[in-house]
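Subject: Structure handover and notes

Dear colleague,

I am passing on a structure that is new to you, and my notes on it follow below. Please read them with the model open beside you.

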Amino acid sequence: MGLMNDMSAAPRPERQRKPDWIRVKAPVTKGYHETRKLMRDLNLNTVCEEAACPNIGECWTKKHATVMILGDVCTRACAFCNVKTGMPRKVDPLEPEHVAIAAAKMGLEHIVITSVDRDDLPDGGAGQFVKVINALRREAPNTTIEILTPDFRGKMRPSIEAICEAGPDVFNHNLETVPRLYPTIRPGARYYASLRLLEEVKAHDPLIFTKSGMMLGLGEQRLEVHQVMDDMRSAQIDFVTLGQYLQPTPKHAKVVDFVSPKVFDAYGSIARAKGFLQVASSPLTRSSYHAGEDFAEMQAARAAKLDKGKTRPVVKKA
Ligand code: SF4
């Protein structure tokens, strides 16, 4: 049933008005339309569209998109996420090649690949991530690769091992919110399992950059956010992202508050003091927002710190 039909008889739940700092320009540029056409032509889904990301105008104009593999139907129903829930279709065998062609055609320096949850698959979808990474290395060898994965519930260890062996540059998995809010916001997930996933990635390959993020404005308390940052540091996560949660439709979890840019700055300073190599904290920050620039800065930060000479070499365009 469509959203309009769904909502017609029910009283409209209240939605908070967005503050000025959340308003963004409508996507009308040539670059935006070219990115959109390429994604359609190659039959690729993007989280930019599925999540109704407010940054789509800026990112697609710059030919930066986050490709969502393994279909557009998710086996879970998180209260914050706009992706459809249900029984997904069969995995598309052409998808890895299509992702690689898109990266090559767009001349991307950095690509972010994410997926829906595929609890229906024996490996949780890890094999498709491996195939996409391999296809990208073959077709777009100058492109650095960032993956944003699900938690591979129950299949974590073999999935992590397989993906780490394929050698992405950045392994991202979002904690999304504080542990107290998991039962309502991420009911199908476990906070400590997500944390352990990132810890195991680092244990498997210390040279892969690990990254995780949270949405703010869901009712979390300041000290809870600090605690999550401490947990992330204990798991040796390199990069933290903090952004404002936006309610995609009235059926999703409500925004409890719009966190001001000043408060985001304060969280950013605290995160830096806690020792993250890279921090992105602002109302419009998303895991993949400015991901390429952030990756370059993170590499430089590691090189300048103590791992000089141990950083995985990245082939850059001449
Ligand atoms: S921030 Fe990420 S999800 Fe949003 S439009 Fe940019 S690339 Fe897409």
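Which backbone oxygen does the side chain of Thr114 reach, and at what separation? Before the reply, please keep in mind that this is a predicted model. In it, the side chain of Thr114 reaches the backbone oxygen of Leu148, and the separation is 2.8 Å. Thr114 belongs to strand β5, which covers residues 110–115, and it counts as buried because its relative accessibility is 7%, where the cut-off for buried is under 20%. If its neighbours within four places in sequence are left aside, Thr114 is in contact with Val47, Thr66, Val67, Met68, Ile69, Phe129 and Leu148.

For the chain as a whole, the model has twelve helices and ten strands. Its radius of gyration is 19 Å, which agrees with the value near 20 Å that a compact globule of 318 residues would have. Along the principal axes, the C-alpha trace spans about 60 × 45 × 40 Å. Buried residues make up 54% of the 318 residues, and the chain exposes about 15,000 Å², of which carbon and sulfur atoms supply 55%. Among the contacts with a separation of 6 or more, 76% are accounted for by residues 24 or more positions apart.

Leaving aside the neighbours within four places in sequence, Asn172 is in contact with Glu146, Ile147, Leu148, Thr149, Lys211, Ser212 and Ser287. Asn172 and Gln299 are 127 residues apart in sequence, while their C-alpha atoms are 15 Å apart in space.

Turning to the loop between β10 (278–281) and α12 (291–304), one finds Thr285 there, and this residue is buried, with a relative accessible area of 7%. The side chain of Thr285 makes a polar contact with the side chain of Ser282 at 2.7 Å. Apart from its neighbours within four places in sequence, Thr285 is in contact with Thr241, Leu242, Gly243 and Ala280. His290 is found in the loop between β10 and α12 as well, and at 28% relative accessibility it counts as partly exposed.

Most residues other than glycine have a negative phi. Leu70 also has a positive phi, near 70°, and is likewise a residue other than glycine. The place of Leu70 is the loop between β2 (66–69) and β3 (73–74), where it counts as buried at 2% relative accessibility.

Lastly, Leu42 and His98 may be read as a pair. Leu42 lies in the loop between α2 (30–41) and β1 (45–46), and with 10% relative accessibility it counts as buried. His98 is in helix α5 (residues 95–106) and, at 18% relative accessibility, counts as buried too. With neighbours within four places in sequence left aside, Leu42 is in contact with His98, Ile101 and Ala102, whereas His98 is in contact with Leu42 and Leu44. The C-alpha atoms of Leu42 and Met156, 114 residues apart along the chain, are separated by 30 Å, and those of His98 and Val132, 34 residues apart along the chain, are separated by 8.9 Å.

With kind regards

Methods: Residues numbered from 1 in each chain as written. Predicted model: local features only at pLDDT ≥ 70, side-chain atom pairs only at ≥ 80, totals over all residues. Heavy atoms only, no water. Helix = DSSP H or I, 4+ residues; strand = E, 2+ residues; numbered from the N terminus. Buried < 20%, exposed > 50% of the residue type's maximum accessible area, 1.4 Å probe, protein only. Polar contact = N/O pair within 3.5 Å; in protein donor to acceptor, adjacent residues only side chain to side chain. Contact = heavy atoms within 4.5 Å. Rg over C-alpha atoms; globule rule 2.2 N^0.38 Å. Areas by Shrake-Rupley, 256 points an atom, 1.4 Å probe, with all protein chains shown as cover.
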